[in-house]
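Subject: Handover of a structure and findings

Dear colleague,

Please find the structure below for your own work.

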Amino acid sequence: MDRECAQLLPPVCAVLGDSRQLVADDTFLEKFLDWFKTLTETESSLHLLQENPCLTELITCVLKLKDPSSSTLSFILRLTGIFTASESCFQYLQQRELLNSLFGEEGPLSSALWEEASVRSGWVQGVHTMTQHQSAIHFLCNCGAIDVIFTLQGDPSLFVASAANRLLVHILTFSLQSFQTKPVNIKDCDWPICAQKLIPHLEESLKSSSASRIKQSLKLLTSVFGCCHDLWTEVLWSQLSEPITYLLENEPFNAGNSLVDLFLSMARSPVFSCPECSLWKSASYALEHLNPAQAGCLSAGILKLQECPQAVRMQALSVLLQPMDCVLKAASQPLEYPGLLNNSLSDSATIETLLSCRSSCASLLCQTLAHLEELLYLTYMPVNLPHIPLLKSVVTVLQFGTGLATPASSLGSKISRILIGCFRVQRSALDILGAFSHWESHSVFMGSVSDILLAYLKSPDTSPTVLKKSFQATLKWLVRLSEAPSSRDYWLQTEQFFRDLFLVLQKRLCSHCWEIRDSALEFLTLLVKHLRDCYIFTEKEEFRQVLVSSEVPKFTEDLLEDPESYVRASAVLAMGQLSFLTHLNSKIPSTENGNGKEVKKKSIVAQLQEILVTDSEGFPRRAVISVFIDWLRDGHTDVLKDTEQFVSSVLQVVNCDLDWEVKAGGLELAEVFSAKTLGRVGLAGCPYVSVVSAATRSTQLNESLQIFYRVKLFEFLFGALCDCDRPVAQKACSILIALKAELCDENSLKEGLSAEHSFPEAHGIAWLEKTLRRWSSCAEPCPIGIANEAGSQNPNDILLVLRTIDLEGLNKSLNRSSDHIENSPQSLLQDILATVGTLEENEADCY
Amino acid sequence: MPEIKVTPLGAGQDVGRSCILVSIAGKNVMLDCGMHMGYNDDRRFPDFSYITQNGRLTDFLDCVIISHFHLDHCGALPYFSEMVGYDGPIYMTHPTKAICPILLEDYRKITVDKKGETNFFTSQMIKDCMKKVVAVHLHQTVQVDDELEIKAYYAGHVLGAAMFQIRVGSESVVYTGDYNMTPDRHLGAAWIDKCRPDLLISESTYATTIRDSKRCRERDFLKKVHETVERGGKVLIPVFALGRAQELCILLETFWERMNLKAPIYFSMGLTEKANHYYKLFITWTNQKIRKTFVQRNMFEFKHIKAFDRAFADNPGPMVVFATPGMLHAGQSLQIFRKWAGNEKNMVIMPGYCVQGTVGHKILSGQRKLEMEGRQILEVKMQVEYMSFSAHADAKGIMQLIRQAEPRSVLLVHGEAKKMEFLKQKIEQEFHVNCYMPANGETTTLFTSPNIPVDISLGLLKRETAIGLVPDSKKPKLMHGTLIMKDNSFRLVSPEQALKELGLGEHQLRFTCRVHIQDPRKEHEMVLRVYNHLKGILKDYSVQHLPDGSIMVESILIQATAQSEDQGTKVLLVSWTYQDEELGSYLTSLLKKGLPPTTT
């Protein structure tokens, strides 16, 4: 603790220990605790207490208060917990008989304040932090705290109950950590006292008639098996497996979800992985007897395991596939191809009942689809999923959803009625349809998948969220197929699909709903970008032809004037991509005005520049900058015509922009430009370039400096360095440091700088602001991109500033959080002191 | 027993961040998804782990409802939908949907400015989240699914703020969000119909306060600004992008117009245009005066308020500047503050609450020497003023709303425990309803008695109305019939129809009770005594002495037999059908008391 904080601490402790002084804002106390957590990580807690006796006094003082506030008491319990995590500190406070008054029976347990959830929560948290050594464990066992924790497991506050459960897990695992040898059975006297108390409690809870007690205990065991893989967990299971098996056989539904979590937590532990373990028998029984939703969760978990008996795995797969099998059969009798499951194995009556009921059908399908989607994304898949029939079943769900499937049974009719217009199921099914793209080839796509996707994309009944999922699934398939080696073949088959797709896209771009227009534009941008970048995809020209022959580019351009700023931004990004592929400027150069005269249509660069200048919202302007960065980086033809002019004009506009992200984008553009310039003149980029002579280097430096001077790069960068938004100044600083390293080489500067400039003193932002003001007051208005010869600054002035300004110092301070002073411990302590007495005046308020 | 469960994850006995889980008739709804601005780590968001432990979020929650655009009510939404993984429907009003992203972007900027974009939502996430939002109109009943419906009511607190009624079958909950029961300069007062919900969840920020008129605060504000400008000082008003800023702008604009003042007023970030756009778009959400005068003059088109350039801060002379962010966290407002703080002629007015860890908080708590970068000390000589313009219902307003909605019970959120306790007692005393105030993480369970709709057969209806009075739609009427529960539907039909429909035969059940009477006389004489006795008491009933010696009282049959062993004791058999249970029991009890002595 530094000296300043040590000085502030006693008065702060006096305030906190005074019941008349209210600390209204709980964040004060939370941050105070955060500070001590950090302090005790680096300093000895005992030393802290000894050096700052006010802390012990604070604890004593609060304990003596007749009527402490619940928040203060909770705070003291947690603070003491932090100190007593160190054994020496624990002994120190124990000697002063403080711990029993806080955590023992004499403490808040017996006071009226125990009714407050915050006090109980503080107590549990304090005990949890304290339990880091055996002395604490002994203390808890002796002072009756374990029984209190048992009671708190059923606390009305969910937060307290769950914290108590976590605490018991911690106590059990911690007290058994030193347990090296495998115990023979649970009744061995070797088990620590804590465990001897806890395990019978668990056994009793599992046998109780209270559903909540059973759930809490199962949750506790789940955490124990999840976090501890020591051998004693096996003994614990052998002790508790009997009541758990009883629960499974007699109360499968009430405790079902908790049992699933328990079995999965155990199944992930290496202790239980051997195929002979009784766990698998229980898991198999559970798969058979739990309700389909619970069994589905267990199945999904089992199928993700690397170590699992094959029979259980296959059983899990059957359970998971059963709802999809029912759907498949409900739409097609007899099946045209093998179903998902062998009929003789499955009893589908329960599933069919659930699928025919409106409330359960959607839940069951959504859950099943989500589990299967997760499995499809697994890189390691221990069982072979029947991809084709499974995909068919997903398509069937989607067909039911849009009324395209013909029911083949009464169940089919019911499912059809339920699923039509059910967005929840449609979204889940489209998610998994996208996941299939990783597995299946174009031949499958060109079948029912492309049809169903087009159906959803076309349907006026498709909701905006479902449409977005349809676009995402379509994109995944198209991306995957374009990367397949047989892409020529793919192209021939998918050309018609693209034609249909663009027709749909045209309509969607004209939707009255901005969410739909935006999703369509996002899809277009990603599709074009991918196909443009994909080097395996060789049919770029054919794709371009299909795209240009549609109205999509025109409609996209129209959306640059959309009333919704999100859509305008997406249209800008889409145009940015389209302009690479379609060379729009040459295709649509002019339009006719009313007099039949041709009016020169604005180039896309000019249109985007206009948006950058005039759009009142930040999103479109940010999008323009991002497009310009891409264009500059990728060498867009329109930019290459006159890069200097382009960069100069953009930077000039960005300099006046009030949006920090537009400025940050402008800085990135400046960074790309400077790197390109230095690379072009041979100063940077390739490490293998042969060493050049000093004279050549000097020429190269001058050349690049002249370019930067002409585009007013440094004026922009220096301006950004003075910006009040930290990310802008930080980015400018890092670019300037990089440029300084390249340009301010001692040797190369000698010629350009006069003697008095050689060792300038380092200056800060105030000096820079003054210099910039001087420059701007001397500058005459001049055309964009042409440096003002009459201005006082010249390239050497710029270099001088670059050398003079303390960039390293600035960088150091900008790399820190902008509120680091306000959030420092000193500031916190000052705030606590300052707030005292002002509460009445500035009564708690909000927005 | 059907129940409604309410668990606050935030706003339970605090005003930090609102997030309340309601479970009603098997449907789970999240009310608001707010953020605590006082923390920079995960504590700023509600603890969603309670929901995730119930399985997948989207499977568990049926919908999320956002009451208004303030960050303590919507700030965690992009985190919840794009990072935690909720993929279901989100509902809010049209203005809230339009304005929410602006406020979220505003706060994202502060976060990035502080630390860089770590573990926080991005612009794209905000947009993706907003695309999932279904916007609702006032008083429009929106069907979330077949059973769950919601309806928005005007809340007045800020533009687009709404109270929501959530209904499943006959059970309903109203969540007020933040509301204001008195109209202000640009918004009207909250209003709800007499919807008699099972539960009203109300905010209680000013649970113990009777607030003075906002006009006084407005006058005070104008006076302070005017005085500062008159003496050549500069006024800084740190604000959030949208909301209170516009309210204060209207105030200054009209004052400048009236007083013909010349000092410039600036608004940073070009926000006036954006605000203007939204207030124009949602003019129907503003108050009557603004709506009426809109055609002649749009209140949100400011003549005197111009966009701010950072170079203006150094201009000499008086000026008023609205700058973001609102708590002097960082950025432009803080930069201007640093420049102007040293001059005692200047003034900073904080129009809202500031969290710890901000310069705004420091100066409001009276600190006048602030440490700056590089251990430099900034001496604050400028005047510091705090003026709360937050528009919440005070204690009177809350009681007024309860009176208006007539809920069966009330639950208080968004307030301090001590103040809530006071209001709770007041509500329970005045309205005789239960009032709850759960802490965060505590579940309140309410048992409800929902109405079950039953179809009634036309035949039964006609029969019942034929024998009764003319039906009155406003008065409940008791109907007798047989309830058939079949295929998830309930029907009340006549017993005959029920037998016919169900193919059942009719059996009659009679109850017979034996009453012993001490009477040495002959049986027929004793029967006559009984007859006379009953005739005398039951004057309005038909009492007959039948030729076979038995007595009929309405449909109840009384027969006498002599007990073989004891001739002095007679046994009366009283027999009735289940329909006449009441009369049968009455007669039995009457006879058990014995016969009156004979007067000869």
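**Findings**

Chain A has a secondary structure of 44 helices and two strands; helices (H or I, at least four residues) and strands (E, at least two) are DSSP runs, numbered from the N terminus. This is a predicted model, in which local features need pLDDT of at least 70 and side-chain atom pairs count only at pLDDT 80 or more, while totals for chains, interfaces and linings use all residues. Residues are numbered from 1 along each chain as its sequence is written, chains are lettered from A and ligands numbered from 1 in the order in which they are written, and side-chain values use heavy atoms, with hydrogens and water left out.

Of the 847 residues in chain A, 56% are buried (under 20% relative accessible area, with exposed over 50% and partly exposed in between; 1.4 Å probe, protein chains only). Contacts (heavy atoms within 4.5 Å) in chain A between residues at least 6 apart in sequence join residues at least 24 apart in 72% of cases.

**Nonpolar cores**

A nonpolar core is a set of buried Ala, Val, Leu, Ile, Met, Phe, Trp, Tyr and Cys residues joined through side-chain atoms within 4.5 Å. The largest one holds 210 residues, of which A:Phe543, A:Phe714, B:Ile51 and B:Phe337 touch the most other members. Helix H30 (residues 565-582) of chain A gives the largest share of this core, 10 residues. The core lies between domain 1 (3-210 + 391-443) and domain 2 (214-386) of chain B, because both give residues to it; the domain bounds come from an automatic or database domain assignment. Beyond neighbours within four places in sequence, the contacts of A:Phe714 are A:Leu705, A:Phe708, A:Leu736, A:Leu739, A:Leu743, A:Ile798 and A:Leu802. Another core, of 171 residues, lies apart from the largest one and includes A:Ala163, A:Ala255, A:Cys326 and A:Met381.

The assignment for chain B also gives domain 3 (455-502) and domain 4 (510-593). Taken over C-alpha atoms, the centres of domain 1 of chain B and domain 3 of chain B are 43 Å apart.

A:Ser393 is in helix H21 (residues 387-401) of chain A and is buried, with a relative accessible area of 0%. Apart from neighbours within four places in sequence, A:Ser393 is in contact with A:Met324, A:Val327, A:Leu328 and A:Leu340.

A:Ser459 is in the loop between helix H24 (442-458) and helix H25 (464-482) of chain A, and is buried at a relative accessible area of 12%. With neighbours within four places in sequence left aside, A:Ser459 is in contact with A:Thr402 and A:Arg508. A:Thr402 is 57 residues from A:Ser459 in sequence and 8.2 Å from it in space, C-alpha to C-alpha.

In chain B, B:Ser494 is in the loop between strand E25 (489-493) and helix H16 (495-502). B:Ser494 is also buried, with a relative accessible area of 9%. Not counting residues up to four places away in sequence, B:Ser494 touches B:Ser457, B:Leu460, B:Arg463 and B:Thr482. The C-alpha atoms of B:Ser494 and B:Lys362 are separated by 77 Å, at 132 residues apart along the chain.

Kind regards
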